[in-house]
Amino acid sequence: MATGRSRSVRFQDDLETANCTPPNDSHLLMPTHNINDKQAPDMCLKSTEEDAIGKYSLGRELSNVFSEDYDVVKKIILDPRGPVLNRWNKIFLLACLLSLFVDPLFFYLLVAKEEACIENMESLEVALTIIWSMIDAFYIVQIFVRFRTAYVAPSSRVFGRGDLVIDPSKIASRYLRKGFWLDPVTALPLPQILIWAAIPNLRGSEITPTSIVVRFLIIFQYLLRLYHIYPLTSEIVNANGVMMETAWAGAVYNLMLCMLASHVLGSCWYLLSILRQEECWMKVCSLEQHDCKYWFLYCSDADNPIRAAWFKSSNISSLCDGTSDFF
């Protein structure tokens, strides 16, 4: 460990170099040592260089390092080609795929009842809220990871693999310019806020137009999460050379994509059928202007005596049962 004014990071060989005394001048990269010291001078040199580069990785000055020397600071800044970030990218990719499977379940919350009303499935709402919150945590962690991931300096990509920029201020500045503002929007708990705070406070005729806006917001966030997969897969391919290292893993990945496409199509089909049923009920209700109110079409008010009397006297069930030519 460094002493005096310098800051350093403990590495695995600190115990082996505990007897080495680094210089007090923290501004010098090249250390000095006593030539009469019979302790291994190269070990002292190595320890002091690691302390100096470790100090630079804390962000006091602009830090450019070669990829061959990156092992010194891998505990502070993540190597974009290292195994730690590669493992995290694969975990985050699984979380993104799970999110793409879970988000369309939002369209299954609406259920059409035989009493000519629509209600939300509360049990499904609770389950989805828990799963959504767990997945959102991965997107939040990804934001912090990107703030700590080094990048290759564009000016050094002439020969070899280039130099890694490990200065945190430079990394943050680059991330804020490229892609940061989409990540917080993707990580927002938008479905949870809508189904537990916004929609329950609506009444009557406000529900239908607002629910349409809500569905478009969900689709917009879904597209953002779908977009996250493409740069993520590119990073995995650049690190490994291939997307999946084994044939069976590639087959499972392609099968998941096919199942995802069919799952999204089925959820949209279900939602459109519910909306079609609701539109028929609203048309019948508009013809019965004096007796019918729009809030009759929601099961939260199904026990209201006025609504129950209207349902018995109305022919809404026969007109919107799928066999009538009315709609």
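At what angle do helix 3 (residues 122–147) and helix 4 (residues 168–177) pack, and how far apart are their axes? In this predicted model, in which local features need pLDDT of at least 70, side-chain atom pairs count only at pLDDT 80 or more, and totals for chains, interfaces and linings use all residues, the two helices pack at about 125° with their axes 8 Å apart. Residues are numbered from 1 along each chain as its sequence is written, and side-chain values use heavy atoms, with hydrogens and water left out.

**Overall make-up**

- The chain holds 10 helices and 5 strands, where helices (H or I, at least four residues) and strands (E, at least two) are DSSP runs numbered from the N terminus.
- Of the 327 residues, 39% count as buried, a class that means under 20% relative accessible area, with exposed set at over 50% and partly exposed in between (1.4 Å probe, protein chains only).
- Among contacts (heavy atoms within 4.5 Å) between residues at least 6 apart in sequence, 68% join residues at least 24 apart.

**Annotated transmembrane regions**

- An unreviewed UniProt entry lists residues 91–111, 126–147, 212–230 and 250–272 under "transmembrane region"; the positions are given in the numbering used here, feature names are shortened, and annotations may be inferred rather than shown by experiment.
- In the model, residues 126–147 are 100% helix and 0% strand, with the end C-alpha atoms 33 Å apart.
- Residues 212–230 are likewise 100% helix and 0% strand, and the end C-alpha atoms of this span lie 28 Å apart.

- Helix 3 and helix 4 are oblique to each other, since angles under 35 degrees count as roughly parallel, over 145 as roughly antiparallel, 65 to 115 as roughly perpendicular and the rest as oblique.
- The axes behind these values are lines fitted to C-alpha atoms, for helices over the stretch in contact, and the angles run from 0 to 180 degrees between N-to-C directions.
- On the helix 3 side, Ile143, Arg146 and Phe147 meet Ile171, Ala172, Tyr175 and Leu176 of helix 4.
- The residues of this contact divide into 6 nonpolar, no polar and 1 charged, with Ala, Val, Leu, Ile, Met, Phe, Trp, Tyr, Cys and Pro counted as nonpolar, Asp, Glu, Lys and Arg as charged, and the others, Gly among them, as polar.

**Disulfides and other cysteines**

- A search of the whole structure finds 3 disulfides, each being a pair of cysteine sulfur atoms within 2.5 Å.
- Cysteine 117 and cysteine 299 form a disulfide with sulfur atoms 1.9 Å apart, and this link is right-handed, with 90° about the S-S bond.
- The pair links distant parts of the chain, 182 residues apart, with cysteine 117 in strand 3 (residues 117–120) and cysteine 299 in the loop between helix 8 (247–287) and helix 9 (305–313); both cysteines are buried.
- Cysteine 280 and cysteine 320 are joined with sulfur atoms 2.0 Å apart, in a left-handed link with -90° about the S-S bond.
- This pair also links distant parts of the chain, 40 residues apart, from cysteine 280 in helix 8 to cysteine 320 in the segment after helix 10 (316–319), and both cysteine 280 and cysteine 320 are buried.
- Cysteine 285 is joined to cysteine 292 (S to S 1.9 Å), in a left-handed link with -105° about the S-S bond.
- Cysteine 285 counts as buried because its relative accessibility is 4%, and cysteine 292 counts as buried at 5%.
- Cysteine 258 is exposed, with a relative accessible area of 54%, whereas cysteine 268 counts as partly exposed at 31% relative accessibility.
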